[in-house]
Amino acid sequence: MTSVGTQHQFTIDLPAPWAREMMDGLLAAPFSPYRSDAELERLWEHAKRCVEDFPDEVRSELIRFGSRLSGRGALLLRGLPIADATLGPTPADWTVEALAKRTWETETFLLAVASVLGEVFAFARQHDGNVVQNVVPISADAYTQKGTGSKVFLQWHTEDAYDRLRADFVALLCVRSDPSAKTAIVHPDQVPVTPEHRKILMQPRFHIGVDPASGGSGRPEDGPMLPILGEDADGNLTIRLDTDQVCAVAGDIGAAEALEAFRRDIPSAARYLTLAAGDLLILDNYRTLHARTAYSPRFDGTDRWLQRVSITKDLQKSAEVRTRRLRVVDLDASLLG
Ligand SMILES: O=C(O)CCC(=O)C(=O)O
Ligand SMILES: [Fe+2]
């Protein structure tokens with residue numbers, strides 16, 4: 001097994017014979033993640049048991065990444081064998097009805113990996129609360145700042161930057177690739193920042209906009225006042241930002257300058273990856289910004305297709321706002337900040 005890494009990101013190539021055998025075994029997984037919450041829970045239990053067969057190195061790297069001890073912001077597992085023919089056509093949108101799938105081996109693997117990092121969950125406002133979300137290009141969204149957009153650059157962001165219940169980790173499994181679409185990642189430590197700017201970016205001198213689906217206006221200036229950078233208990237830098245949905249507080253020239261300088265230096269500090277089918281990219285949502293380059297889907301069933309889950313280390317913190325479904329945070333705009 002080969003693994004290479006930097007202090008910011010780490011890549012593991014899954015051993016091919018093991019990965020093939022595991023995927024063959026998962027073909028028989030009897031539960032769908034899409035039909036009901038009860039069935040999803042059965043699949044979750046099943047996925048957790050699969051982790052017992054993971055190679056030691058994969059398991060221990062996942063545990064290390066999940067514990068945040070490594071300080072890294074991204075972990076890429078490569079080489080999951082995906083039989084393109086069994087996937088069926090890329091759906092035209094993410095609705096469950098569109099997923100004429102009969103086997104759920106990729107979803108099961110995604111959940112198995114997620115189970116080492118924490119608990120999967122979703123927001124009711126996104127993808128109808130699907131826990132496993134299918135990120136595909138949607139024709140009507142082509143020019144939007146959504147994961148389902150395509151023809152425009154999807155700006156640098158952490159997921160749900162304005163929300164205190166945002167995910168700790170986001171896992172993206174590429175099941176069908178488009179070589180022209182690149183996923184870009186950057187750790188805040190990689191972006192050069194002067195000590196003065198860093199101090200400013202750590203103060204609540206910025207607004208992060210709340211999208212209309214979450215009860216906000218979609219305008220950055222209406223969003224809560226928040227810092228962009230922070231520090232965790234170990235003194236490591238954390239980040240919450242969506243460069244499409246942020247502004248400095250009105251009249252705060254220092255904050256505006258610090259934000260502009262930071263934003264300007266992101267692209268050259270970033271790493272650009274073309275996700276291949278079978279690549280699973282796990283992002284620490286407190287330590288990595290991501291983005292996606294523009295690309296041109298054909299909308300003919302052969303387009304790029306990612307499956308994604310959001311993971312929290314502490315499902316309990318959203319207990320009060322999960323009143324309807326076990327893993328789905330209710331539509332509620334009272335949680336910002
Ligand atoms: O398409 C990608 O590579 C990333 C999409 C994205 O930002 C997401 O699904 O969170
Ligand atoms: Fe994203």
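These are questions and answers about a predicted model.

Guide: Residues are numbered from 1 along each chain as its sequence is written, and chains are lettered from A and ligands numbered from 1 in the order in which they are written. In this predicted model, local features need pLDDT of at least 70, side-chain atom pairs count only at pLDDT 80 or more, and totals for chains, interfaces and linings use all residues.

Visitor: What makes β6 and β16 a pair?

Guide: Strands are DSSP runs of E, at least two residues, numbered from the N terminus, and two of them pair if DSSP finds at least two bridges between them. β6 and β16 (residues 289–292) have two bridges, in the antiparallel sense, so they meet the definition. L154 has R292 in β16 as its bridge partner.

Visitor: Why are β6 and β14 called edge strands?

Guide: The open sheet runs β6-β16-β8-β14, with antiparallel pairing. β6 (154–157) and β14 (271–273) are its edge strands, as each pairs on one side only.

Visitor: How do you know which residues are around ligand 1?

Guide: A residue is near a molecule if its C-beta atom, placed from the backbone, lies within 6 Å of it. The residues around ligand 1 include L154, H290, R292 and R308. Two or more residues of this shell come from each of β7 (169–176), β16 and β17 (305–312).

Visitor: What makes a residue of that shell nonpolar, polar or charged?

Guide: Ala, Val, Leu, Ile, Met, Phe, Trp, Tyr, Cys and Pro count as nonpolar, Asp, Glu, Lys and Arg as charged, and the others, Gly among them, as polar. The shell around ligand 1 has five nonpolar, three polar and three charged residues.

Key:
Helix = DSSP H or I, 4+ residues; strand = E, 2+ residues; numbered from the N terminus.
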